[in-house]
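Please examine the structure shown below, together with its sequence. The paragraphs that follow lead through a sheet, its helices and a set of side-chain contacts.

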Amino acid sequence: MVVQDSTDAGDARVGVRLEPFLHQVGGHLSVMKYDEHTVCKPLIFQEQRFYESLPLAMKRFTPQYKGTITVHLQKDNRGHLSLVANPLKENRGPFKVSTESAAVALWQTLQQTTSGSGGAHSLTQWQLAHSLEESPATTLLRSEFQLNAQVSSLVEDAKGNQSERRSFNPWGLQCHQAHLTRLCTEYPENKRHRFLLLENVVSQYKHPCILDLKMGTRQHGDDVSEEKKARHMRKCAQSTSACLGVRICGMQVYQVDKKHFLCKDKYYGRKLSVEGFRQALHQFLHDGTRLRTELLEPIQHQLRALLSVIRSQSSYRFYSSSLLIIYDGQELPERTPGGLHSQEAPQTTHGISAGGLTKVDIRMIDFAHTTYKGSWNEHTTYDGPDPGYIFGLENLIQILQDIQEGE
């Protein structure tokens, strides 16, 4: 059942102030946190239609679609910019953002050094020195750390490589800043914007380790310009997309020895060779002290299940979509209450064991350029399943199997 947003003129409830989603590792559109279990992103009609007509077999591998909301830009009396959403009709009480929210505190600190008015210019040099209480929502922001850098250098250095720092993943904040800049410069102040509401697929994890993989040998949609088509084709030809059908678009992996996330971005992923891609997968499964070998079988199991589903979807082409591999960086007990090792416990949906210990998740995201028979933007009707996506999944499974076998 799709939950519609609240737009009644007489509705006086307090709006929901959206927070930057600090676990965004890839993409270019800003993903925002609506509540603990829900994120939202700017609405693209084609993506909404995909979720509304999603085949039942694919729902296990996509975030739950929760409807749409109306969002507007708001500035408080201190000049802080925020996006405020009309609350869903099911939320009858006023919504208040905690003043101790790590994401809000971080974003407001960044805005204090924004040049110009209304956040229309890029952030310059900033400094963060917060002491934050440990909680599931703030574990990625470790207490009493200090960071001095330009925001751009957090994501990419002069050589196009991302520095490995003691910090949160900066990618989501960069996307958020870019989005606010566009809203401030391109749209009237009171213009309403539509956002898509989706399940927060990492809400159950204490230290979510996330690998964002751009799937397929082709990334441009049927509806793009010739210029954009040529640009995407070059990116594919110069990366592992061409030879493997998959490339890294972002990554964060929790390092238990240093108690921080190691982060990589899409620029890092584009430069990888086939061997570099293999090493990056190995790095994603390494917590700084050991290789998490117990995760290899559950990940492969789910990828094979997804492969079976994709092979059964005739006419679908998932151009420019991504695949997330997620696990918890928190070390798990060796045995379940029933005495089984976590990898021996029965698997349930999304790779969570019956004992609640093994946490592995595989999710497809980003369907703005997905096309299928009967879709409103269908330019070409394709026969059979998506060969590029299948090629990427097969290679991904094989590389993980090689890692498991020690090759």
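At what angle do helix α8 and helix α10 pack? In this predicted model, α8, formed by residues 274–284, and α10, formed by residues 387–404, pack at an angle of about 65°, and their axes are 10 Å apart. The crossing in which α8 passes α10 is right-handed. On the side of α8, the contact is made by Phe277, Arg278, Leu281 and His282; α10 contributes Leu396, Ile399, Leu400, Asp402 and Ile403. Sorted by class, this contact has six nonpolar residues, one polar residue and two charged residues.

Two residues of this contact, Arg278 and Asp402, also form a salt bridge through their side chains, with an N to O distance of 3.2 Å. Asp402 in helix α10 and Arg278 in helix α8 are 124 residues apart, so that the pair links distant parts of the chain. Arg278, at 29% relative accessibility, counts as partly exposed.

The pairing can be followed strand by strand. Strand β10 (residues 208–215) and strand β14 (residues 322–328) run antiparallel and are joined by seven bridges. Asp212 stands opposite Leu324 in β14. Between β10 and β11, which also run antiparallel, there are six bridges, and Met215 has Val246 of β11 as its bridge partner. Five bridges then join β11 to β12, again in an antiparallel arrangement, with Gln255 opposite His260 in β12. How many residues of β11 are buried? The strand is mostly covered, with 10 of its 10 residues buried.

Several residues show positive phi values. The hairpin of β11 and β12 has four residues between the strands, and Lys259 in this hairpin takes a positive phi near 55°. Ser320 has a phi near 70°, a positive value in a residue other than glycine. Ser320 is found in the loop between β13 (317–319) and β14, and it is buried because its relative accessible area is 15%. Asp366 is likewise not a glycine, yet its phi is positive, at about 65°. The loop that holds Asp366 lies between β15 and β16 (369–371). Asp366 counts as partly exposed because its relative accessibility is 22%.

Asp366 also belongs to a network of salt bridges that links it with Lys41 and Glu47. How many salt bridges does the structure hold? The number is 10. One of the pairs is Lys33 with Glu36, whose closest N and O atoms are 3.2 Å apart. Lys33 counts as buried, its relative accessibility being 17%, whereas Glu36 is partly exposed with a relative accessible area of 37%. Another pair is Glu294 with Arg292, where the closest N and O atoms are 2.5 Å apart. Are the two partners buried or exposed? Glu294 is buried, with a relative accessible area of 14%, and Arg292 counts as buried at 1% relative accessibility.

Met233 and Arg218 are 15 residues apart in sequence, and the distance between their C-alpha atoms is 7.0 Å.

Methods
Residues are numbered from 1 along each chain as its sequence is written. This is a predicted model: local features need pLDDT of at least 70, side-chain atom pairs count only at pLDDT 80 or more; totals for chains, interfaces and linings use all residues. Side-chain values use heavy atoms; hydrogens and water are left out. Axes are lines fitted to C-alpha atoms, for helices over the stretch in contact, and angles run from 0 to 180 degrees between N-to-C directions. A crossing is left-handed if the near helix is turned anticlockwise from the far one by less than a right angle, and right-handed if clockwise. Contact means heavy atoms within 4.5 Å. Ala, Val, Leu, Ile, Met, Phe, Trp, Tyr, Cys and Pro count as nonpolar, Asp, Glu, Lys and Arg as charged, and the others, Gly among them, as polar. Two strands pair if DSSP finds at least two bridges between them. A salt bridge is a side-chain nitrogen of Lys or Arg within 4 Å of a carboxyl oxygen of Asp or Glu. Buried means under 20% relative accessible area, exposed over 50%, partly exposed in between (1.4 Å probe, protein chains only).
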